[in-house]
Amino acid sequence: MARKYAIIKLLLLAIPMASLSLLSCNRQAESGKTLVLPDTAVDPSYRVADSLIYDVDLVNIHTDDEWSTFKLRHMNREKLVELTFEGVYNGQLQAYDFFTDQPLTADEVRQREQAPDYDRKHIDQIQFEENWLFSPEQQVFYKEISSFVLAYGVYAYNGELRGHKPVFKIKLKK
């Protein structure tokens, strides 16, 4: 009889413990970093921008511009640049020539890094090509990035910015 009560006590303790561990697994999945979109979120009827191209400054070159400083406060430019070049050099990412859209070899990218006006530290802009999908009903605004371009500023002799020169384009999987 004592054994029967011991088994019942064990079950009474085991059931709440198992339930607790299952609940904690669910919370962990909910707080994870994976975004799962419903099928309707990627429905083309929700597309509000197709192949939108725009530039984003990675560095605030105007030190008196407090708004730009605020917007870029969490930007880790060095990490973005390093991860991109590492991906190209180890074959995880394919670089393309911005103007011809032809694939570049790792050696061709290394040659570009030897250009007299180039320094990886000077990459200060990224250009995105992306599609936007928006569903007010689901409160989802989804940005699908198809490619990005890293660029660096080209300056005149007097120090004025003349424009940006692309290093290469990276196309992302859809």
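The model is predicted: local features need pLDDT of at least 70, side-chain atom pairs count only at pLDDT 80 or more, and totals for chains, interfaces and linings use all residues. Residues are numbered from 1 along each chain as its sequence is written, and side-chain values use heavy atoms, with hydrogens and water left out. The protein has four helices and five strands, where helices (H or I, at least four residues) and strands (E, at least two) are DSSP runs numbered from the N terminus.

**Overall**

- Along the sequence, the elements follow the pattern α-β-α-α-β-α-β-β-β.
- Of the 174 residues, 26% count as buried (under 20% relative accessible area, with exposed over 50% and partly exposed in between; 1.4 Å probe, protein chains only).
- The protein exposes about 13000 Å², and carbon and sulfur atoms supply 57% of it; the areas come from the Shrake-Rupley method with a 1.4 Å probe.
- Among contacts (heavy atoms within 4.5 Å) between residues at least 6 apart in sequence, 59% join residues at least 24 apart.

- The five strands form an open sheet in the order 1-3-4-5-2, with antiparallel pairing; two strands pair if DSSP finds at least two bridges between them.
- Strand 1 (47-57) and strand 2 stand at the edges with a single partner strand each, so one side of each has no neighbour in the sheet.
- Strand 1 is joined to strand 3 by eight bridges, and A49 stands opposite W132 in strand 3.
- Nine bridges join strand 4 to strand 5; the bridge partner of V149 is K169 in strand 5.
- Strands 4 and 5 form a hairpin with five residues between them, and G159 in the turn has a positive phi of about 90°.
- Strand 2 pairs with strand 5 over two bridges, and A95 has I170 in strand 5 as its bridge partner.

**Helix 3**

- Helix 3 (residues 77-89) has 13 residues and reaches 18 Å from its first C-alpha to its last, close to the expected 18 Å, which is 1.5 Å times one less than the number of residues.
- Its buried residues are R77, V81, T84, F85, G87 and V88.
- These residues cover an arc of only 160° around the axis, which puts them on the same side of helix 3; the arc is that of the directions from the helix axis to the C-beta atoms.
- Their cover includes strand 2 (95-96), helix 4 (106-113), strand 3 (123-135), strand 4 (140-155) and strand 5 (161-171).
- After helix 3 comes G91, with a positive phi near 85°.
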